[in-house]
Amino acid sequence: MDQEEIIKDTKDADEPRIGVFICECGVNIGGVVNCQDVADYAGTLPNVVSSAVNKYACSDSGQSEIKKAIEENDLNRILVAACTPKTHEPIFRACVEEAGINPYLFEFVNIREHCSWIHMKEQEKATKKAQDLVRMGVFRSAQLDPLQSNEVPVTDKALVIGAGVAGMQTALDIADMGYKVYLVEKNPSIGGKMAQLDKTFPTNDCSICILGPKMVEVARNKNIELMTYSEIDEVDGYVGNFNVKVRHKARHVDLGTCTGCGLCVDKCPVEVPNVEFNEGIGTRKAIYVPFPQAVPLRAVVDRSVCIDCGACVKACNSKSIDLDQEDSISEIEVGVIVVTAGFDVYDPEPTNDYGYGLYDNVITGMELERLINASGPTMGKLVRPSDVKTPKRVGFIQCVGSRDKKSNRYCSSFCCMYALKDAQLIKEKYPDSEVYIMYMDLRTPFRNYEEFYDRARDMGIKFIRGKPGSVTEKDNGDMVVRVEDTLTTEVIDLDLDLLVLSVGAVSSESNERIRQILKVSRAADGFMMEAHPKLKPVDTTLDGIFIGGVSQGPKDIPYSVSQGSACAARATRYLSQGKAITEGITVDVNDDLCVRCGMCITMCPFQALSLEDDKVNVIKALCKGCGTCSVACPTSALEQSHFKNDQLLAQVRNVFTFEE
Amino acid sequence: MADRKEWEPKIVAFCCNWCSYGGADTAGMGRFQQPASVRVVRVMCSGRIDPLHVFNAFLEGADAVLVTGCHLGDCHYVNGNYKTEVRYQFLEELMIEMGLEPERLHLSWISASEGEKFASFVNKVTTEVKKLGPSPLKPEGVN
């Protein structure tokens, strides 16, 4: 039977014959709500033909019971009272569809998240509330209409936003599966934060040595179109059919002809702090190559500091520099979008955490990373900012901007490990130095991480379990950190030459901007929220949009790479199928009631409504089914399917009962 | 009518599918305990909440109505919640016309991750409404 026949068939059915199933979800619901009572009550409601309790409605046996009941009792509508439709509605819709019922004649009532879990100590009230919710659902169920979901074609191209290590992995994986990938990066080079790091834990191998070849691979891959120094301006459309406007910021250098020779850089007279790559340590010119291993290895002009002298233009043999270049926009069409826009390191300056910003010799972990990096501004020689001398006594303070109610409550997960790594690197380079790590807890899960911690202890790095109370500066620039060792209850005044704050990760401004453009949910920690914390860790609630790497929350390199691959696998499902199913919920116009006032047209943010030939026309492919326009309609000519006034009012009116 | 001390108000909460319904789910997942006063009606967008639905809830016997949706700027449908805000202002004015205390109508933007916020919102409104007592519009004999 095809869809249309099913719709016709169900419409012609005389009376609603509703089957009600109350799920116990083990003890999740059954431990609080008396499910048998609720099922018995449901049996007394109009149009309910059968009602029963399921131990686990979503399990194979639970679904079989539903299908059996449909057949035995000739049911034409099903109501399941269980958990949340946000995770389980698709499962039950598919189940009733297999039994020949239109999936939109399935009604879901939430008696777990919205009842048993929030009234755990009020069993009687919870049971009463579950009965109310089921009654509301039964009356709504009787009003439901069959609908048809739409199948849409999928453009077989992907967009990956952010070319850090996670995004690069996603792009490479999708490209290797044979699909075109647009990889958009806001910075002039790909590589992300990993390119700035010196070594990586727990193997202490050089970061750029393992990242560099991957960056080159990205640039060489024929299926990847790299768009560096570019940002996402606008995204519209829906799964399979996203239209994206990408703004290419004026680089003032022709990527095709520039050879990255650096002659222009030598001639440029303007020097400014290198904030972009070296955390403000050392300088760069107004025209600069981001870093020696940059991909693409091309210069870029920072017009905000350029003095228009034209020295670079004269120096360039290949005539690649155009100081008058302007931003350009390109429009691309893609089927899926993966966001790997990354993070910022927590900035302790505004709140002067542990004297950062007040005292020269308090630096962040990222600044240390650049200071000990062999290709960094000091060529790997560790010096302290105040007098450029190599520090003999270095201290690390953990959990700065993490696990702190004043800033961020969450654990940034990688700071323990990077502090252990940096402490080891200092100890290796300067064996005479004293290195201290002040911590609340050290967190070292995953393979070889605990062993890495052991190695740090064996090297003589000293661990003090305590959060420092104060940091002061001596006249010679040394720091005094007062900390209680909570294992010995001794208060120590620690004299240090250099103090490093192990700062955590925060959601970056660009991550937030993209989140708002795409309308991905925001988690309480500010990062993007996944569709399900366990079962859909890289999906979002929006079909065709995926999140990976630190966009979703703080994580280290191996975890980011895994998520990058996971995003590729999840996204490519759409590309390989070539089609996607979209919701059947849209709006419909009743021409007899419509007075052609046009109020609805102004409400629609998707331009799905128009007045043509004296008729309001709905373009179903554009309508996203929010229903906002139907509220504006003065004659109720516009109705949102599945959320019609009658359907909603059936629920509202049945919140209440007459008491005898 | 039941004893005032025992009396549990009935509150109708309109929640949008993407944010506040998810917020209510998150409250459940975090086991944030709440009074059993709220009955959630799910809509796709808070912009779908018709003043008609809110009036009906009051006329049928709601002691309070909660209008909830995504934070401004976070609407899944671009700007549905801005329209909600405008309609809410209209509703607020009509509360007085209908002879209802303004404390019986609330608007809150709750994201899908803000379970704790959803729970404390429900707790706060329930406490307030308990002080006010049953709605003057509640038909006799209705619970």
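Predicted model: local features only at pLDDT ≥ 70, side-chain atom pairs only at ≥ 80, totals over all residues.

**Rings, sheets and helices**

Let me start with a cluster of rings, in which ring pairs link Phe92(A), Phe106(A) and Phe108(A). Rings of Phe, Tyr and Trp (its six-membered ring) pair if their centres lie within 6.5 Å, and planes under 30 degrees apart count as stacked, over 60 as edge-to-face and the rest as tilted. Residues are numbered from 1 along each chain as its sequence is written, chains are lettered from A and ligands numbered from 1 in the order in which they are written, and side-chain values use heavy atoms, with hydrogens and water left out.

Over all chains, the structure holds 13 aromatic pairs. One of them joins Phe92(A) and Phe108(A), edge-to-face, at 5.6 Å centre to centre with 75° between the planes. This pair links distant parts of the chain, since Phe92(A) belongs to helix α4 (residues 85–98) of chain A and Phe108(A) to strand β4 (residues 106–110) of chain A, 16 residues apart. Helices (H or I, at least four residues) and strands (E, at least two) are DSSP runs, numbered from the N terminus. Are these two residues, Phe92(A) and Phe108(A), buried or exposed? Both Phe92(A) and Phe108(A) are buried, where buried means under 20% relative accessible area, exposed over 50% and partly exposed in between, with a 1.4 Å probe and protein chains only.

Why is the pair of Tyr439(A) and Phe463(A) called edge-to-face? The ring centres of Tyr439(A) and Phe463(A) are 6.3 Å apart and their planes stand at 75°, so the pair is edge-to-face. Tyr439(A) lies in strand β22 (residues 434–439) of chain A and Phe463(A) in strand β23 (residues 462–465) of chain A, so the pair ties together parts 24 residues apart in sequence. Tyr439(A) is buried, as is Phe463(A).

Those two strands bring us to a sheet. Strands of a sheet pair through backbone hydrogen bonds, either parallel or antiparallel. In chain A, five strands form an open sheet in the order β20-β27-β21-β22-β23, with parallel pairing; two strands pair if DSSP finds at least two bridges between them. At the edges stand β20 (362–364) and β23 of chain A, each with a single partner strand, so one side of each is left without a neighbour in the sheet. Three bridges pair β20(A) with strand β27 (residues 498–503) of chain A in the parallel sense, and Val362(A) has Leu499(A) as its bridge partner in β27(A).

For an antiparallel case, please look at strand β25 (residues 479–485) and strand β26 (residues 490–496) of chain A, which are joined by seven bridges. The bridge partner of Val480(A) in β26(A) is Asp495(A). The hairpin of β25(A) and β26(A) has four residues between the strands, and there Thr489(A) takes a positive phi near 60°.

Finally, in chain B, helix α1 (residues 20–29) and helix α4 (residues 115–132) pack at an angle of about 90°, with their axes 7 Å apart. Axes are lines fitted to C-alpha atoms, for helices over the stretch in contact (heavy atoms within 4.5 Å), and angles run from 0 to 180 degrees between N-to-C directions.
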